[in-house]
Amino acid sequence: MGKYSTNEVIDCVIVGGGPAGMAAGLLLARQGVRVTVLEKHVDFLRDFRGDTIHPSTMKMMDELEIIDRFLKIPHRRMSTVSVAAPNGETVFADFSQLPEPYNYVAFMPQWDFLDFLAQESEKYPSFELIRAAEVTDLISDGNRAYGVRYRSPDGIRRLDARLVLGADGRSSAVRARAWLAPSKSEAPMDVLWFRISRNSGEDEPFVSTGSGFSIVAVDRGDYWQVAFCIPKGDYGTLQSRGLSTIADSMQTAVPVIADRFRKEITSWDQINLLSVSVDRLKRWYRPGVLCIGDAAHAMSPSGGVGINLAIQDAVAAARILAPSLKHSQTPPVSLLSKVQRRRDLPARLIQTGQVKILADLYPKHINEPYKSPKSAQIMGRSRVLQKMAARIIGLGLRPEHIE
């Protein structure tokens with residue numbers, strides 16, 4: 001059972017307990033909005049979650065006066081993003097050139113970050129988080145939504161709300177049931193996701209490229225969480241050639257991980273295929289419903305900017321919508337539209353950069369010979385461009401602030 005009775009109309013129900021949903025829940029609750037976050041899993045432990053906490057997010061927590069508690073959580077700091085290639089390593093983004101004190105990217109398991117947001121949110125009496133709650137439908141009357149139905153261990157339940165905030169990712173149930181159709185995906189790659197053991201003190205390049213692949217190695221303490229990026233549609237070809245093909249590809253770029261891959265990965269069952277999509281909604285809302293984060297604009301994993309954009313969406317949505325919601329008013333469509341107008345352009349520009357401008361950073365087909373990424377070479381020669389890249393990745397194109 002939730003905090004609110006089944007006959008009660010709450011101000012906002014947020015579908016999805018990821019970065020966008022939890023940040024929105026915290027920001028709305030601190031303004032007195034009665035808000036419930038529905039998370040379909042029993043916890044936040046997901047290997048597929050990104051680990052990067054950007055300067056913009058740390059500035060948000062500073063403005064909320066919770067940054068000191070956040071920084072007590074174990075994390076690793078990265079001041080530059082480099083791209084390692086067979087012909088050398090180049091700096092792509094230099095966060096050290098950003099204003100202090102948040103001139104770095106913090107690496108922290110996302111489940112720790114989400115647990116932190118949940119703990120901070122639960123200090124406000126108007127907040128609740130319901131886990132193991134999978135939304136199955138919108139409660140609608142014509143074109144307007146009035147809440148959701150969700151499946152829980154206790155059966156199907158109903159939650160009436162003045163606003164449904166869809167923050168449930170690129171496979172959003174909210175946007176599907178609200179008939180909000182995304183554009184065709186422009187994703188240039190897929191990702192193979194697996195774990196490799198890590199020795200204490202061991203260091204590997206964060207991003208490496210090679211013939212037919214690029215690889216991201218995330219340090220999670222006693223293991224590497226590895227994203228092996230391949231050209232879109234090449235998974236079947238890789239499977240037909242066998243697991244050793246992956247290790248052979250990685251050997252020149254990250255030999256330590258390649259050697260351990262041969263010993264530790266013995267079955268395709270140990271590898272998860274993540275189908276990447278880069279799409280966006282033409283319209284993020286309908287009466288009573290608003291989508292934010294990946295539900296509104298699914299991003300490529302490049303630069304980890306999806307988390308940054310999702311949280312910035314949450315800040316904008318809370319600032320614009322809370323005045324109506326905390327007075328138990330349904331936000332008019334004009335305000336929902338205002339959120340999209342505020343956040344749509346940054347998402348469009350970042351997606352264009354990910355798919356078009358940085359196209360040569362993505363893996364090409366397996367049989368093509370390796371070519372050093374030109375964009376990495378150009379960035380490596382210019383500190384100005386490195387600072388620009390850090391600003392776009394770390395702060396965003398339209399930074400949001402807490403009022």
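Helices (H or I, at least four residues) and strands (E, at least two) are DSSP runs, numbered from the N terminus. The structure is a predicted model, in which local features need pLDDT of at least 70 and side-chain atom pairs count only at pLDDT 80 or more, whereas totals for chains, interfaces and linings use all residues. Residues are numbered from 1 along each chain as its sequence is written, and side-chain values use heavy atoms, with hydrogens and water left out.

Asp 313 is located in helix 9 (residues 305-325). With a relative accessibility of 0%, Asp 313 is classed as buried (buried means under 20% relative accessible area, exposed over 50%, and partly exposed in between, with a 1.4 Å probe and protein chains only). Beyond its neighbours within four places in sequence, Asp 313 is in contact with Trp 284, Ile 292, Gly 293, His 297 and Arg 343, contact being defined as heavy atoms within 4.5 Å. A polar atom of the Asp 313 side chain lies 2.9 Å from the backbone nitrogen of Gly 293, and the side chains of Asp 313 and Arg 343 make a polar contact at 3.0 Å. A polar contact is a pair of N or O atoms within 3.5 Å; within protein, one must be able to donate a hydrogen and the other to accept it, and residues adjacent in sequence count only if both atoms are side-chain atoms.

Salt bridges (a side-chain nitrogen of Lys or Arg within 4 Å of a carboxyl oxygen of Asp or Glu) number 21. One of them joins the side chains of Asp 11 and Arg 34 at 3.6 Å, N to O. This pair links distant parts of the chain, 23 residues apart, with Asp 11 in strand 1 and Arg 34 in the loop between helix 1 (19-29) and strand 2 (35-38). Asp 11 is buried at 2% relative accessibility, while Arg 34 is partly exposed at 21%. In helix 10, Arg 348 forms a salt bridge with Asp 344, the closest N and O atoms being 2.5 Å apart; the two residues are separated by about one helical turn because they are four residues apart in this helix. Arg 348 is partly exposed at 31% relative accessibility, whereas Asp 344 is buried at 12%. Salt bridges that share partners also join Asp 313, Arg 319, Arg 342, Arg 343 and Glu 400 into one network.

The side chain of Arg 280 makes a polar contact of 2.9 Å with that of Gln 351. The C-alpha atoms of Arg 280 and Ala 298 are separated by 6.1 Å, although these residues are 18 apart along the chain.

Strand 11 (residues 155-166) runs parallel to strand 1 (residues 9-15), to which six bridges join it; strands pair if DSSP finds at least two bridges between them. Val 9 has Asp 160 of strand 11 as its bridge partner. Strand 10 (residues 144-152) is antiparallel to strand 11 and is likewise joined to it by six bridges, with Tyr 150 opposite Arg 157. A hairpin of two residues connects strand 10 to strand 11. Three bridges join strand 11 to the parallel strand 19 (residues 289-291), where Val 289 is the bridge partner of Val 164.
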